[in-house]
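Please keep the sequence and the structure in view while reading.

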Amino acid sequence: MIQAWLYEHYSNVEALLYTGGDVLLILFGVAFLLWWFIIERLWFFFGPSRHRRDARNLSDKLELVLAWEARWSAHRALWVRQRWVSESRIRANHSMLAIKGLVQICPLLGLLGTITGMVEVFSTMSITGNNSARLLSDGISRATYPTFAGLVIALSGYYFITLFEHRSRRELAALREHLLLPAHMRK
């Protein structure tokens, strides 16, 4: 039963790849890479040990800052706190540039697949001398698969870009509030 189900779905994916052409295969590779980065960011922002680690780091850092402010100048302690906020921003935005680039590439690859599919359809029609509307419509429908795939991949990526940017801004604002505001101005 399971083996028949797997074979049926494998043959459907194989037929889709054959229908969409080589560019669709490249698009699936880009989608795999994009989802690799997305899963890594999901693990970073929503992983199981993340909150315990951040709370421990924040309390350790606050203790250090208070000790440094007592020993050194407030200016140097502020510089150290600003550095910690910058390092946290870098960690929070680690793979975002790669995710944004891959999301922007997906519709372009889909368009490339459509163009190459259309060229293939017209070259086949000119070689065979068959100018039927049915052959043309079948070729056009096959050529649009890469565009659909590129748009679906890009839309799912845009959702996660928005989610990660919002989460990053919110967490960095909380960190700035705890590290950079004086104690009497904190909530």
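The model described here is predicted. The secondary structure of the protein comprises seven helices and zero strands, and the elements follow the order α-α-α-α-α-α-α from the N terminus on.

**Overall make-up**

- The protein has 187 residues, and 28% of these are buried.
- The accessible surface of the protein amounts to about 12700 Å², and carbon and sulfur atoms account for 67% of that surface.
- When contacts between residues at least 6 apart in sequence are considered, 80% of them join residues at least 24 apart.

**Helix 2 with helix 5**

- Helix 2 covers residues 22–46 and helix 5 covers residues 96–128. Their axes come within 9 Å and cross at roughly 165 degrees.
- Angles over 145 degrees count as roughly antiparallel, and helix 2 and helix 5 are therefore roughly antiparallel to each other.
- The crossing of helix 2 and helix 5 is left-handed.
- On the side of helix 2, the contact is made by Val23, Ile26, Leu27, Val30, Leu33, Leu34, Phe37, Ile38 and Arg41. On the side of helix 5, the contact is made by Ala98, Ile99, Leu102, Val103, Cys106, Leu109, Gly110, Leu112, Gly113 and Thr116.
- By class, the residues of this contact between helix 2 and helix 5 comprise 15 nonpolar, three polar and one charged.

**Helix 5 with helix 6**

- Helix 6 covers residues 133–143. Helix 5 and helix 6 pack with their axes 8 Å apart, at an angle of about 160 degrees.
- Helix 5 and helix 6 are therefore roughly antiparallel to each other.
- The crossing of helix 5 and helix 6 is right-handed.
- Helix 5 contributes Gly113, Thr114, Gly117, Met118, Glu120, Val121, Phe122 and Met125 to the meeting with helix 6. Helix 6 contributes Leu135, Leu136, Gly139, Ile140, Arg142 and Ala143.
- The contact of helix 5 with helix 6 divides into eight nonpolar, four polar and two charged residues.

- Arg41 belongs to helix 2. Residues under 20% relative accessible area count as buried, and Arg41, with a relative accessible area of 2%, is therefore buried.
- Leaving aside neighbours within four places in sequence, Arg41 is in contact with Arg91, Ala92, Asn93, His94, Ser95, Ile99 and Phe164.
- Asn93 is located in the loop between helix 4 (74–92) and helix 5. The relative accessible area of Asn93 is 33%, and Asn93 is therefore partly exposed.
- Not counting residues up to four places away in sequence, Asn93 touches Arg41 and Ser168.
- Asn93 and Arg41 lie 52 residues apart in sequence, and their C-alpha atoms are 8.9 Å apart in space.
- Arg169 is part of helix 7, which covers residues 145–180. With a relative accessibility of 53%, Arg169 counts as exposed.
- Between Arg169 and Asn93 there are 76 residues of separation in sequence and 9.8 Å in space, C-alpha to C-alpha.

Conventions
Residues are numbered from 1 along each chain as its sequence is written. This is a predicted model: local features need pLDDT of at least 70, side-chain atom pairs count only at pLDDT 80 or more; totals for chains, interfaces and linings use all residues. Side-chain values use heavy atoms; hydrogens and water are left out. Axes are lines fitted to C-alpha atoms, for helices over the stretch in contact, and angles run from 0 to 180 degrees between N-to-C directions. Helices (H or I, at least four residues) and strands (E, at least two) are DSSP runs, numbered from the N terminus. Angles under 35 degrees count as roughly parallel, over 145 as roughly antiparallel, 65 to 115 as roughly perpendicular and the rest as oblique. A crossing is left-handed if the near helix is turned anticlockwise from the far one by less than a right angle, and right-handed if clockwise. Contact means heavy atoms within 4.5 Å. Ala, Val, Leu, Ile, Met, Phe, Trp, Tyr, Cys and Pro count as nonpolar, Asp, Glu, Lys and Arg as charged, and the others, Gly among them, as polar. Buried means under 20% relative accessible area, exposed over 50%, partly exposed in between (1.4 Å probe, protein chains only). Accessible areas come from the Shrake-Rupley method with a 1.4 Å probe; for residues, only the protein chains shown count as cover.
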